Amino acid sequence: MKRYDEAISDYLIALKLSGKNDACCFNDIAVAYSKKGDEHEALRYYAKAIGLEPNDATYYTNRGASFDELGEYKKALADYEKAIQLDDKHKEAFRNRSTTYWNLMKKEKLICCGMLLKPIQRSKP
């Protein structure tokens with residue numbers, strides 16, 4: 001059951017009751033908006049999360065995914081780059097960056113990026 005509006009409402013109530021800003025809560029609200037397909041509102045909340053915790057790679061990766069959904073690939077790449085700069089083992093940032101390069105048809109960068117990831121070991125039949 002997809003009850004994103006209820007989740008968003010509860011997060012906003014929790015924020016009010018706590019009396020303080022909470023980056024994790026803002027990120028969760030953004031994720032809920034993204035799941036609803038409202039990437040513009042998601043971006044607004046990702047910006048709040050990043051403003052509070054600018055060294056969290058996950059927030060940049062999540063925001064990058066919203067930019068991807070909107071076709072704003074250069075902004076998405078900038079966020080994935082920042083996430084990787086903050087955490088060079090953030091697998092999702094590398095995967096998302098690869099997809100974004102593909103979307104931009106920059107195959108040479110896709111190959112380069114793919115080399116940064118360990119090759120997948122295929123099981124033998």
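At what angle do helix α4 and helix α5 pack, and how far apart are their axes? Before answering, I noted that this is a predicted model, where local features need pLDDT of at least 70 and side-chain atom pairs count only at pLDDT 80 or more, while totals for chains, interfaces and linings use all residues. Residues are numbered from 1 along each chain as its sequence is written, and side-chain values use heavy atoms, with hydrogens and water left out.

**Entry 1: the α4 and α5 pair.** I found that α4 (residues 57-69) and α5 (residues 73-86) pack at about 165°, their axes 8 Å apart. That makes α4 roughly antiparallel to α5 (angles over 145 degrees count as such). I looked up the contact (heavy atoms within 4.5 Å) next. On the α4 side I listed A57, Y60, T61, R63, G64, A65, F67 and D68; α5 brings Y73, K75, A76, D79, Y80, K82, A83 and L86. Sorted by class, this contact has nine nonpolar, two polar and five charged residues.

**Entry 2: helix α6.** I checked the span of α6 (residues 91-103): its 13 residues reach 18 Å from first C-alpha to last, close to the 18 Å expected at 1.5 Å a residue. Its buried residues (under 20% relative accessible area, 1.4 Å probe, protein chains only) are A93, F94, N96, R97, S98, T100 and Y101.

**Entry 3: D10.** I located D10 in helix α1 (residues 4-18). D10 counts as exposed because its relative accessibility is 52%, and the cut-off is over 50%. I also noted 9.4 Å between the C-alpha atoms of D10 and I29, which are 19 residues apart along the chain.

Note on methods
Helix = DSSP H or I, 4+ residues; strand = E, 2+ residues; numbered from the N terminus. Expected span 1.5 Å × (residues − 1). Axes fitted to C-alpha atoms, helices over the stretch in contact; angles between N-to-C directions. Parallel < 35°, antiparallel > 145°, perpendicular 65-115°, else oblique. Nonpolar A, V, L, I, M, F, W, Y, C, P; charged D, E, K, R; others polar.
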